[in-house]
Every structure is written in structure tokens, then in C-alpha cells.
Amino acid sequence: MAHAEIHRDRSIDAADLTALSGRTIGVIGFGNQGAAQAANLRDSGHAPVVGNRDDAYAASAAEEGFDLRSIADATDAADVVLLLVPDEVQPELVRSEIAPGLRAGDTLVVASGYNFHFGLLEVPDGVDVVMVAPRMIGAAVRDRYVDRHGFPCFVSVERDATGRAWETTLAVARAIGGTLGGAIVSSAREEAALDLFSEQAVWPAILDVVRTAHRVAIEAGFSEEAVLNELYLSAEPAEVFAHVARDGLFGQLGLHSRTSQYGQLRALRALESHDEQASRFARVMHDDILSGDFAREWSRPEAGERLDALRREAGESPIAAAEAEVRARLGP
Ligand code: NDP
């Protein structure tokens, strides 16, 4: 069984925390993660410089009292640069506005592994590249820092030019609240692969199960209202998933009737006898993700148009049309 090392507040050597002493932290992007991490850094005793284009996000950073600058100026001023703009804009932004301000000895901190692992970020030599990737949406990164519950995050050193990249990683993780919930030692490859695997294997399978179940139940003569509420409109599956996280995949079964438990476990047993899904998942993991094929396809200029077409196609599917009608009938 492979286990990862986990770092928590109490297990971090005080010496590691000096990695940020006297260094200016730049937060590039003041969106979901940027606003939350900048506030957490400030409450941890740092004075981050925020870099953003001049617009509504910038206005809210200034309103909250942050030292607001252009992206190029903030990068120039910073020794440790947190890259918190959307993944799809990072390659071009790093090339045009961030790389020119990075000097040997600086640290670039990414919050997801995708771009660096797939070779899409051109980072100057001599610059450390590390990952501090919260497993949490931005708003909760802030709330869970304030209430001291914390959140898990993945941490790694991708390039150690200075010999002190690991200390910087832990110090940043701690300052944003990532070691309260546990900083799990990972890698950009692992973070990116698992993220893509959930998106491209697990979630499509779940969406397909719901879509197929809808079709079969409607063909059996049941009403759209009953079927869609049973499947997801009631939000019961969201409740069940919350209990899966809290009580365990099978631990939560006790919340269901005995009839339900018997039906679920009996049917699950029958599914274990074939491994077609495992073969499909393995193909997604190896052939699409780890090979880099998906990243190459998504980097092509026409990929955005293909996404728009796929979204249109999904929006016109029978279940989407039925859902719109049922929602209209049920009202807000
Ligand atoms: P957001 O979409 O919230 O980022 C918005 C910010 O990026 C704004 O400051 C926006 O400024 C700026 N921005 C957008 N486009 C551009 C551009 N073309 N040029 C310059 N600035 C731009 O991003 P997230 O916070 O969601 O994600 C940031 C990073 O965190 C990503 O690497 C993501 O994978 C990672 N992450 C996100 C999580 C989440 O739950 N959201 C969880 C864990 C990691 P402007 O006003 O100029 O548009």
C-alpha cells in the first residue's frame, strides 16, 4: 500500500518557517483562491503584494486594503510568487508578464500541477517551482482558516534551484492554512493526473449512470417528475455524498433502510464480477492522461470551440430538456 507523508502545523520544524522571512510574497490573481490565500497570508503575519488587471477584482483587493499593483509590478516586487489565475491563462501570462519579473532565487508557487507537469510553463532557470494545491474551493479556504478547521492540500517541490524549496513550500502551506488540515506530499504529476482522472473517468461514469437510469425509467413508463426527483433533483444524492465523506463509503449505509442496504449491496456484488469499467478507467489514466495526449489536445487552438459544441450537444440531450420542463413546472 503506498502512503504519502503528511505535514501538520505541529510537525513542522520552526526552522522551516524562516523560509519566508524577509521575502515579499506576491499573489497574482485575486479570484477564488487569490482573495482567500491573500487574506490568510495577511492574518499569518505576511504583507502580500497583490497583482491583478485593473478591474472589479482589483477594486475589491484595494478595498480590502491590499497593496495592489499590476501583475508585472507585483511579480517584480515579489520573491515568492503565488500563481492564482485560471489554469488556461497561465502559460501566456507567465510568458508575457511573470517570467520577465522572476529572478534566480525566487519561488513560483502553483496551486495545480497541470501546466507545470505538462511543460506549459516557461519558468526562468534558477527559480524554484513548488506546488501548494488546496483541495478546497476558495471561499472555504478562507472560512476554514478563520475557524481553524483547516483543509487538506497537496504539496510538492517541482524544481529545487535554491536548495531551500521544500522549506518554502511548507512555510507557504502553513501560512495559507494548508497544514491545519494536513499537507499531503504529492507531485504536480500526481495532482494533475488524479484531477483529470476524476474528471475524465469518474464523473463521466456517474453522469452516464444518471442519464442511462433516466432513459430506462422513462421507458418503463414512470413520470419525468418522479424519475428526476428520485435521481437528483431532490438533492438526496448530495446528502448521501456528504455522508460518504463523513461516515465512509459503506459506513453511511446505516442511514438507509434495510431493504435499501440489501438491494444496494446485492447489486454491487453482481457488478464486481466484470472488469470492463476498470479497463476503460485504465485506458483513460494511461492512454489519455499520463501519455499527455489529453493535454496536447486541450492546448490546440480549436479545443475551445469543440468544448462549446460538446456543451451545446449535452444541453440538447433528452435528460436536459426534461429537466428544464420539470424545473419550470416545479417552480423556484
Ligand atoms: P479564478 O477563476 O477565480 O481566477 C480569477 C482571477 O484570475 C482574477 O483575479 C482574474 O482577474 C484573473 N484572471 C483571469 N483571466 C486573466 C487573464 N487573462 N490575465 C490576467 N488575469 C486573469 O481562479 P481560481 O482561483 O479558481 O484558480 C486559481 C488557481 O487555483 C488555478 O491554478 C486552479 O487550478 C487552482 N485551484 C482552484 C481551486 C478552486 O476551487 N477554485 C481549488 C484548488 C486549486 P481579472 O479581473 O483580470 O479577470
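Modeller: Let's start where V210, R211 and H214 of α9 meet P318, I319 and A322 of α16. Sorted by class, the residues of this contact of α9 with α16 are four nonpolar, one polar and one charged. Please keep in mind that this is a predicted model. Helix α16 covers residues 318–330, and its axis comes within 10 Å of that of α9, with a crossing angle of roughly 75°. Angles from 65 to 115 degrees count as roughly perpendicular, so that is how α9 and α16 are placed relative to each other.

Now stay with α9, which spans residues 188–219, and turn to α10, residues 224–233. The axes of these two helices also come within 10 Å, and they cross at roughly 150°. An angle over 145 degrees counts as roughly antiparallel, and α9 and α10 are therefore roughly antiparallel to each other. The crossing of α9 past α10 is right-handed. On the α9 side you will find V210, A213, H214, A217 and I218, and they meet E224, V227, L228, L231 and Y232 of α10. This contact of α9 with α10 has eight nonpolar residues, one polar and one charged.

Next, the ligand. It is surrounded by 22 residues, and the closest are N52, R53, D55, Y57 and D87. Two of these can be followed down to atoms. In D55, a side-chain N or O atom is 2.2 Å from an oxygen atom of the ligand. In D87, a polar side-chain atom lies 2.6 Å from a ligand oxygen atom. G31 takes part through its backbone, where an N or O atom is 3.4 Å from an oxygen atom of the ligand.

A last stop is R23, in the loop between β1 (6–7) and β2 (25–28). Setting aside neighbours within four places in sequence, R23 touches D79, V80, G105, D106, T107 and T168. With T107 there is a polar contact from side chain to side chain, at 3.0 Å.

Technical notes. Residues numbered from 1 in each chain as written. Predicted model: local features only at pLDDT ≥ 70, side-chain atom pairs only at ≥ 80, totals over all residues. Heavy atoms only, no water. Axes fitted to C-alpha atoms, helices over the stretch in contact; angles between N-to-C directions. Helix = DSSP H or I, 4+ residues; strand = E, 2+ residues; numbered from the N terminus. Parallel < 35°, antiparallel > 145°, perpendicular 65-115°, else oblique. Left-handed = near helix turned anticlockwise from the far one by under 90°. Contact = heavy atoms within 4.5 Å. Nonpolar A, V, L, I, M, F, W, Y, C, P; charged D, E, K, R; others polar. Near = heavy atom within 4 Å. Polar contact = N/O pair within 3.5 Å; in protein donor to acceptor, adjacent residues only side chain to side chain.
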